[in-house]
Number of protein chains: 2
Amino acid sequence: MKQIAILGSTGSIGQSTLDIIRRYPERFRVASLAAGRNVDVAFEQCVEWRPRIMSLATEELAAALSKRLISAGVTGIETVHGTAGTVQVSATPEADFVVSAIVGVAGLEATYAAVQAGKTVGLANKEAMVAAGEILTAAAREKNVPLLPIDSEHNAIHQCMRAGEKREVRRLWLTASGGPFRNLPLRDFANITVEQALKHPTWVMGRRITIDSATLLNKGLEIIEACRLFNLSPSAIKVTVHPQSTVHSFVEYIDGSILAQISVTDMRLPILYAMSYPERVESDLTFDMASLGQLNFEPPDFERFPCLRLAYEAAEKGGAHPIALNAADEIAVEAFLAGNIPFIAIPRTIEEVLEATPENHPATIAEVLTIDRDAREAARNKARKFTHASAVL
Amino acid sequence: MKQIAILGSTGSIGQSTLDIIRRYPERFRVASLAAGRNVDVAFEQCVEWRPRIMSLATEELAAALSKRLISAGVTGIETVHGTAGTVQVSATPEADFVVSAIVGVAGLEATYAAVQAGKTVGLANKEAMVAAGEILTAAAREKNVPLLPIDSEHNAIHQCMRAGEKREVRRLWLTASGGPFRNLPLRDFANITVEQALKHPTWVMGRRITIDSATLLNKGLEIIEACRLFNLSPSAIKVTVHPQSTVHSFVEYIDGSILAQISVTDMRLPILYAMSYPERVESDLTFDMASLGQLNFEPPDFERFPCLRLAYEAAEKGGAHPIALNAADEIAVEAFLAGNIPFIAIPRTIEEVLEATPENHPATIAEVLTIDRDAREAARNKARKFTHASAVL
């Protein structure tokens, strides 16, 4: 029986993880949960799963939850809050496996704490590896803790890498759906609306990641994540645009063999894979091979999607640059979603922030968070000048 | 340094194997060779590779070779012949790895001898596994000898199976190019000419295997081979038609993940893989991922390609039936290539031979060869009635 701690239990990955636990009660049980501000869902999860600890974002929310649990006669759940709360959840002694699915850098400390506590970590939080990949992988090596990717691309790579040794990998090929603007002419990028950008062709996801898929910055973050997770140089990570999102990624070996992974586009599959690794567990998440039909692949266009180039540059520099890339993008995407800046100002904002970012290799999570905060501040300033001013571009 | 014995050294697989040995002189060297009737090429191979033993089909051919070697001042090569000769080659004490690439059942005894002698065997000879798969795999288990497939589909499966445990495999998907008649309407099958049938869309191969690709009987033999090699039931082996022959096969795991292998269509790659397994060795046999373009997949048509159904039926029955399937096909294809029977008489001949084959599970190679001989005799009789008589069909 594996006991699971979930960082981000009320989000999409958290709920998918709970669905997997619900399907395999003989294999998994909930140890502890960390949510954000959604007290209603957190309460329901406490009633259903009886975690030993439930963390919420603030003291007030935790108190409100505690009160409702007492009224409902639910006992034995410790309610905690804030960063210290998430750290308590991820370091729960009972937990064997920690799902790191808090979006953004908010989950960083708890993810680091899980590694330090010797837990196996399932990484759904891309930012953790982008912002603190060097620190997390060093800690994981030291503690001999596996970091298992539970996003579809890196999970695919993890699977394909089992067909050889790490030293036998020549390069990786991340697939990208290409987003909604794969075929849009460059001249029309200036007029992209929020509504258009939120329509992802194959995956239903959160708002930021959907915009990141439209700019291909999301693929850029995945390039950096892949460098860290698999200890490869940025030049060994390639991208191929694959509109059907059926092949989740490829691993190319030194002998010329290429392994690929295919499955339904359902996050429960990589979650199940990571939670049961090194075993595989029977599931009904079956891909219908008769539906394979036609698969297309084409090289990405760096001119229409400059975020891809920016990500490679940040990956090459390492240290502060991937942190700044991620932070600046989050601010720029917020500004775009708020209708404050045009779509094409997203890469412009990121580029200006990166240019102003000094070379710096943080050694602690605290230093990472400082660089992150500074980059956000810089991004707010840079974004401001693109406000309602597409003429500037 | 691995020492290699090659059964079928002057054929296409044999020459590709020698090319690999030529490219990696620090890893591989030739121990012994077995050829058929081509004394000229056998002589050249003796001069270049200095095998300890060279076997030819007959005593006369071996004597002729011996004479030429003496004239050329090439010493230290023992010339042998016949089945005993091939057995001597495969059991050479120096050999670590035996490439089994003699076409047809002629290579059976030598392949079995290699397993008995504890050599690692690379199987390019499909018929060995089809006709004597049960005997060979039992012997390999007993001697703890790996049987490594070096045809592209099973080699792909071998690679994909490294991403999980044997018990975690739900089914295999063999890719088939579909051959030249993939889109030919059923009513036109009666008029297929030898010339049309010899035009394979993606691979350049021998005459029998090219016709077998046109009838899909080749894929049928591969289904049986896969059952034996990977110890799976016929219902766990599926076929998907993939005209580009880029994906060489798929393994579907119980969790729903599907692994696929892609590479250039060059037999040197699976040969190199098998010879260097469990390592992978750097090669320039690189697949250009930018050329991936479009891949298509569709279910096979059992009506136009009855050989596929016949193969599944023979696989289910096991024992004598796969032997008879292979033997009858070889005779029927010969008759078709000689212009004696029409294309559609190939499956008809096989079906009639299978119907007349008694249930029988041979325990020795000698018994296999008897069943094979009887089935050939039966096939000759059955084929005769289709001679110049498409009206009968």
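Visitor: At what angle do helix H9 (residues 207–215) and helix H13 (residues 320–337) of chain B pack?
Guide: About 100°, with their axes 10 Å apart. Axes are lines fitted to C-alpha atoms, for helices over the stretch in contact, and angles run from 0 to 180 degrees between N-to-C directions.

Visitor: What makes H9(B) roughly perpendicular to H13(B)?
Guide: The angle of about 100°. Angles of 65 to 115 degrees count as roughly perpendicular, under 35 as roughly parallel, over 145 as roughly antiparallel, and the rest as oblique. So H9(B) is roughly perpendicular to H13(B).

Visitor: What kind of model is this?
Guide: It is a predicted model, where local features need pLDDT of at least 70 and side-chain atom pairs count only at pLDDT 80 or more, while totals for chains, interfaces and linings use all residues. Residues are numbered from 1 along each chain as its sequence is written, chains are lettered from A and ligands numbered from 1 in the order in which they are written, and side-chain values use heavy atoms, with hydrogens and water left out.

Visitor: Which residues of H9(B) and H13(B) meet?
Guide: From H9(B), B:Arg207, B:Arg208, B:Ile211 and B:Asp212. From H13(B), B:Asn326, B:Asp329, B:Glu330, B:Val333, B:Phe336 and B:Leu337. Contact means heavy atoms within 4.5 Å. By class, there are four nonpolar, one polar and five charged residues.

Visitor: How do H9 and H13 of chain A cross?
Guide: At roughly 100°, and their axes come within 10 Å. H9(A) and H13(A) are therefore roughly perpendicular to each other.

Visitor: Why is H5(A) called roughly antiparallel to H15(A)?
Guide: Helix H5 (residues 108–116) and helix H15 (residues 365–384) of chain A pack at about 160°, with axes 10 Å apart. That angle makes H5(A) roughly antiparallel to H15(A). H5(A) passes H15(A) in a right-handed crossing.

Visitor: Which residues make this contact?
Guide: A:Leu108, A:Glu109 and A:Tyr112 of H5(A), with A:Ile365, A:Val368 and A:Leu369 of H15(A). They divide into five nonpolar, no polar and one charged.

Visitor: How do you know that the two copies are related as by a two-fold rotation axis?
Guide: Chain A can be laid on chain B by a turn of 180° and a shift of 0.0 Å along the axis, with an RMSD of 0.0 Å. The copies are thus related as by a two-fold rotation axis.

Visitor: Why do we say the copies meet through the same surface?
Guide: Because 100% of the interface residues of chain A are also interface residues in chain B.

Visitor: Where are the domains of chain A?
Guide: Domain 1 is 2–149, domain 2 is 155–186 + 199–303, and domain 3 is 319–393. The centres of domains 1 and 2 of chain A, taken over C-alpha atoms, are 26 Å apart. Here, 24 residues of domain 1 are in contact with 26 residues of domain 2.

Visitor: Which residues does a cis peptide bond join in chain A?
Guide: A:Tyr277 and A:Pro278, with omega about 5°. A:Pro278 lies in the loop between helix H11 (268–276) and strand E12 (294–296) of chain A. In chain B, the bond from B:Tyr277 to B:Pro278 is cis, with omega near 10°.

Visitor: What is the phi of A:Arg50?
Guide: Positive, about 45°, although A:Arg50 is not a glycine. A:Arg50 is in the loop between helix H2 (39–49) and strand E3 (53–56) of chain A.

Key. Helix = DSSP H or I, 4+ residues; strand = E, 2+ residues; numbered from the N terminus. Left-handed = near helix turned anticlockwise from the far one by under 90°. Nonpolar A, V, L, I, M, F, W, Y, C, P; charged D, E, K, R; others polar. Least-squares fit on C-alpha atoms with pLDDT ≥ 70 in both. Domains from an automatic or database assignment.
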